[in-house]
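Please read this briefing with the sequence and the three-dimensional view side by side. It begins with the overall fold and then turns to strand pairing, selected residues and a pocket.

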Amino acid sequence: MNQTSLIEADTTTYLLRATSLPLVRNPGFILLSPEQIQQVAYDQHKFVYLAVNEVAIRQDDATVIVSTDWAVGKRNDLVILSGGWYELQYIRTSQGWQFSKVLQKWIS
């Protein structure tokens with residue numbers, strides 16, 4: 001996969017670099033384009049994924065809204081009854097950006 005991939009959030013598309021992903025072993029993160037997400041759903045009949053919906057960076061703090069969403073295959077009568085989103089705050093410290101707190105959340 002390329003070092004950069006597109007992630008779609010509502011009507012805006014953000015260009016992210018693979019090096020921007022957090023270093024987390026399980027689960028791992030892979031950048032996928034909307035077309036790649038849909039292909040996985042076609043292959044596996046359904047696919048839940050994490051979306052970065054909004055990023056607001058200010059001088060000393062930042063907020064990030066992430067959500068889970070579903071992509072479904074061509075012939076799938078799946079009714080989606082799960083999902084959610086988090087609004088997260090990060091603060092800039094002398095050591096760099098650090099997670100501060102969850103500002104809001106919704107989980108179904």
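Helices (H or I, at least four residues) and strands (E, at least two residues) are DSSP runs, numbered from the N terminus. This is a predicted model, in which local features need pLDDT of at least 70 and side-chain atom pairs count only at pLDDT 80 or more, whereas totals for chains, interfaces and linings use all residues. Residues are numbered from 1 along each chain as its sequence is written, and side-chain values use heavy atoms, with hydrogens and water left out.

**Overall fold**

- Buried residues make up 22% of the 108 residues in the protein chain, where buried means under 20% relative accessible area, exposed means over 50% and partly exposed lies in between, using a 1.4 Å probe and protein chains only.
- Among contacts (heavy atoms within 4.5 Å) between residues at least 6 apart in sequence, 37% join residues at least 24 apart.

**Strand pairing**

- Two strands are said to pair if DSSP finds at least two bridges between them, and by this criterion strand E3 (46–57) and E4 pair in the antiparallel sense over 11 bridges.
- A hairpin through three residues joins E3 to E4, and within this pairing Glu54 stands opposite Ile65 in E4.
- E4 also pairs with E5 in the antiparallel sense, over eight bridges; here Thr68 stands opposite Gly84 in E5, and Ala62 stands opposite Tyr90 in E5.
- Strand E5 (residues 84–93) and E6 are likewise antiparallel, pairing over 10 bridges, and the hairpin that they form has two residues between the strands.

**Residues in E4**

- Thr63 is found in strand E4, and Thr63 counts as buried because its relative accessibility is 11%.
- Leaving aside neighbours within four places in sequence, Thr63 is in contact with Glu54, Val55, Ala56, Arg58, Glu87, Leu88 and Leu103.
- Ser67 also lies in strand E4 (residues 61–72), and with a relative accessibility of 13% Ser67 counts as buried.
- The side chain of Ser67 makes a polar contact with the side chain of Asn53 at 2.7 Å; a polar contact is a pair of N or O atoms within 3.5 Å, where within protein one must be able to donate a hydrogen and the other to accept it, and where residues adjacent in sequence count only if both atoms are side-chain atoms.
- When neighbours within four places in sequence are left aside, the contacts of Ser67 are Tyr49, Leu50, Ala51, Asn53, Gly84 and Trp85.

- Val55 has its place in strand E3 and is partly exposed, with a relative accessible area of 41%.
- Not counting residues up to four places away in sequence, Val55 touches Thr63 and Val64, and the C-alpha atoms of Val55 and Ile65, which are 10 residues apart along the chain, are separated by 6.6 Å.
- His45 is found in the loop between helix H1 (34–44) and E3, where His45 has a positive phi of about 75° although it is not a glycine.
- His45 counts as exposed because its relative accessibility is 52%.

**The second largest pocket**

- On a 1 Å grid over the protein atoms alone, a cavity is a set of points where a 1.4 Å probe fits but cannot get out, whereas a pocket is an open set with protein on both sides within 12 Å along at least five of seven lines, and lining residues have an atom within 4 Å of a point.
- About 210 Å³ of space lies in the second largest pocket, given that grid points are joined across faces, edges and corners and that a volume is the space filled by probe spheres set on the points.
- The lining of the second largest pocket consists of Val55, Ile57, Ala62, Val64, Tyr90, Trp97, Gln98 and Phe99.
- E3, E4 and strand E6 (96–107) each supply at least two residues of this lining, and E6 gives the most, with three residues.
- By class the lining has seven nonpolar, one polar and no charged residues, where Ala, Val, Leu, Ile, Met, Phe, Trp, Tyr, Cys and Pro count as nonpolar, Asp, Glu, Lys and Arg as charged, and the others, Gly among them, as polar.
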